[in-house]
Amino acid sequence: TVFNIGSINIDHLYQVGHFVRPGETLASTQYQQLLGGKGANQSIAIARAGGQVCHVGAVFHGDDQVLHSLNNHGVDTSLVAKTDTPTGHAIIQLTPEAENAIILYPGANHSLTQEQISGVLAQTSVEDWVLLQNETNLVLETLQQAAASPAQVAFNPAPMDLELTRAALSYIDLLVVNEVEAMDLTRTETIEAATTALEQDFPQLSILLTLGKDGVRYISHGQNDFVPAFKVEAVDTTAAGDTFIGFYLAALSEGKAPNAAMTIGCAASALCVTRLGAADVIPTRDEVNQFLAE
Ligand code: ADP
């Protein structure tokens, strides 16, 4: 099982002619509500990949449709806490030029308690993974405790917080970063310099460096493997990284070697970028298998 301790958001998307100006009241021409948050996206990706995933997070009492939606994707929500704080959400303005302006309210995502986390970690065994992103509270404390649990620990430091991430590195087994996060973390200006720094500075870690349309690199204990991305017509790269992580961890959990898991992750995220949307367009394992067989 992957215990994914992460965010659950409701994204409110408003189509507008222009961004709202100070003092202005602006009518939206179209409205859509979507399930989001890196945490929820990654849980959905694991479930779609055929993996066992138990999401650990928090939503407001009564927001049952959010949990139903996760359940419908195959995510176990029995460890999602109900709080008095509103569910995390994003207010997103989208213009005809496809620009966006976003207000993010972390809400319940920042109301995880030490008690909830200790209870989860006490249930883990050696076959399990604990997965975290950086959209919830108590991240460093959780990683520190997870390191003392039997489970393996994966961390996707998004959004990047340099100080927190540096401190977190001693508690984790697997770090997953994209190009921007890798350069931020290593304080380098090019991806080549970041790759070298990751290899030299963190020899105790396994690192997945996702390289967008180029593919993904795996750096682990002197090993350095590269798997190229699949050539596809990308229309929307939202949730590409989340899809990659979910399929990669699900494949590892079923006993696949890192290289095979990377290929599965690349295929899944390639399919994801050919579709407009986020959590709703994460492919299923069957679709990925079919894509790989073509
Ligand atoms: P993030 O979404 O976190 O920024 P990346 O952009 O690195 O992460 O994308 C994650 C993975 O998605 C890549 O390793 C790659 O396999 C796949 N991917 C992303 N963009 C494309 C693309 N344009 N074509 C094919 N695959 C892509």
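I looked up isoleucine 92 and found its bridge partner in strand 7, isoleucine 102. Strands here are DSSP runs of E with at least two residues, helices are runs of H or I with at least four, and both are numbered from the N terminus. The model is a predicted one: local features need pLDDT of at least 70, side-chain atom pairs count only at pLDDT 80 or more, and totals for chains, interfaces and linings use all residues. Residue numbers start from 1 along each chain as its sequence is written.

Next I checked how strand 6 (residues 88-94) pairs with strand 7: the sense is antiparallel, over 6 bridges. Two strands pair if DSSP finds at least two bridges between them. I then traced the open sheet, whose 4 strands run in the order 3-2-6-7 with mixed pairing. Strand 3 (30-36) and strand 7 (100-105) are at the edges with a single partner strand each, so one side of each has no neighbour in the sheet.

Last, I looked at helix 8 against helix 9: their axes come within 8 Å and cross at roughly 145°. Axes are lines fitted to C-alpha atoms, for helices over the stretch in contact, with angles from 0 to 180 degrees between N-to-C directions.
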